[in-house]
Amino acid sequence: MDNIPRHFLGYWGYGAQHQLEALLTGIVENLSPNLSPTRGEALNFFLAKKGFGLVFTDDLKSQFSQQENHLIPIWNVVYIGLDRNYSLLQNQIAGVSASGIFTSLDAWVSLEENNCLILGREPFGKMPLYWTVQGQVIWFATQLQLLLPLQQAEVSIPGLYGYSCFSYVPTPLTPVRKVFGVPAGTELVWQSNCEFGILQTPISQNINSWRQDPEQLTDEARAIDELQILLKNSIEQQIADLKDEPVGVFLSGGLDSSIVAALLVQAGVKVRAYTLDFGDAGIPEYPYAEQVAQFLKIPLVKVAATPNQIENALIPTVEALDLPFGDGVCVPLYLLSQRASQETQVIFNGEGGDQLFAGWTNKPLIAAGVYQSENPGGEETFIQQYLRTFHRLWGYESQVYQPEIYTEIKNLDPEDWLLAALDVTECPSLLHRLRRASLMLKGAQNIHPRATALGFAHGLWVRSPFCNLDLAQWTFCLSGELCLQGACEKYILKRAGENWLPPEIVWRQKRGMGVPLTSWCLNDFWHQLGVWLNPQILSANNHFYPDIAAQIVEGKLGAAIQGRRIGEILWLLMMWQLWRSHFLNEKLSKQSWNHPFWLPRWLWRNYRIIFNS
């Protein structure tokens, strides 16, 4: 599996072939060495000839001088990494897979006989796909950074605002102006106009919609049997190409990753588990992972995530992610991927289980939905309450953004980014609607693309057994009581897995990964905050207020930003600043000392006490 490409870059449209090919070649030749673990070992140009028909040979280059006066769209694709012969469908000119299983692509580019370009993605969002327009040419790529050399990259204010609300940039936005993402579960179709040689506005086509089944399954015994079969089938599909090589599994000791590990062992796969250790600062998860590993009789590697290791991996993580992601789990997951890559090429995870089976984050939203239905005139609508669950900077705009930016974002409504996901016509039941939203938002726009990016940075194929279309569609047949029974979330998944794992693992209460962000920020990274969120640099960027970091640590930004929220918000801002400084080629201004972070924290706290007394 070493020889399968991981990324592609290409174009389609009306232009001079020799100029476009020169630009494409120049971009590839100047790639960052970090872009791909196999960068530069082989570059494969697939060229089209006049009209329809795919010919995979460089001999066609001489023909393009004769074509450039004809109103026929031309195209070209280059893969980043090694190439081997794998099968694309008849009309496809490019395709990639996060898992390395190319029988089902995660992002693809197709050409149709009527001169249509199609960019598509599968519904779980495992692989991103971006596009931009230059003249009458569509450029497309599976990494944002591949498209940045095409223009002077500028920050997208809607993208920035979306990031500050959700900790990820909501699709189809990206953090860069004039560059867009293809939404998961969607194909974008461009119809060429050969008469005038101009591009049409793309048409968006849903190829999958998470929709509640009108017939709801209530028989618990039947549901358990069907779910066990679906889970085993998903595992079988994802191990079919494996020979005798060992695979890794990220094991938190939670239900989802433990079930994946158990099913891999049952299937006879050689499994090695990897878990995080935050030391004394975080909520310990590794004792549960150790219990599962001992039960399954598989080796467990404990990966330390100390502040020093986190700081050393911070910039490599930003580079690997390609997009800004503000969740604190990203750097620890980078360390996990880094360690796993020393011993395997394939990593399994339990991502997607919470989205499919109504994990613990749904309970407060269900309560909010019930309250809203009985009190429709409340202070907040249900969708506003849903926005608040992201625990980011929504609602603090006037305190966060400088006046010019604040004026611009006042015309933006983040509820618009949630409306399709919370469509009541697709899922009348509140629980199914929440699961649909979780799949389309946190899953497809955050969890899965970042998992792929971090795995790819270390040459890993990433396999998520819960990202199985048959399994996911089946869950929309489940009655609400089988997902959430009383206070017990993911009830039917626990029943399905209770014979595969120790009962204390299956039935323990979910808490989430305890990344100690606030402890790190207020102690280990205190001085670094003055660098990452330096007032002089923030002032020059002209987006956030220069003193925002000081406002947060002093508790002045908002009453709700206390405790763990302090670290989450500081991390969110810091990851954005590191992303823009590494990807937008901005010249850094001189740093200011007008902030509290150059002092030892204990001394700053004493000054505050004296000053405020």
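Two strands are taken to pair if DSSP finds at least two bridges between them, where strands (E, at least two residues) and helices (H or I, at least four) are DSSP runs numbered from the N terminus. The model is predicted: local features need pLDDT of at least 70 and side-chain atom pairs count only at pLDDT 80 or more, while totals for chains, interfaces and linings use all residues. Residues are numbered from 1 along each chain as its sequence is written, and side-chain values use heavy atoms, with hydrogens and water left out.

Strand β14 (residues 247-250) runs parallel to strand β15 (residues 271-277), joined to it by 4 bridges; within this pair, V247 stands opposite V271 in β15. Both strands belong to an open sheet of 5 strands with parallel pairing, in the order β16-β15-β14-β17-β18. Because β16 (300-304) and β18 (461-463) each have a single partner strand, one side of each is left without a neighbour in the sheet.

Two helices lie against these strands. Helix α6 (residues 255-266) lies across β14, β15 and β17 (346-348), at about 155° to β14; such angles run from 0 to 180 degrees between N-to-C directions of lines fitted to C-alpha atoms, for helices over the stretch in contact. Helix α9 (residues 330-340) touches β14, β15, β16 and β17, its direction making about 145° with that of β15; contact means heavy atoms within 4.5 Å.
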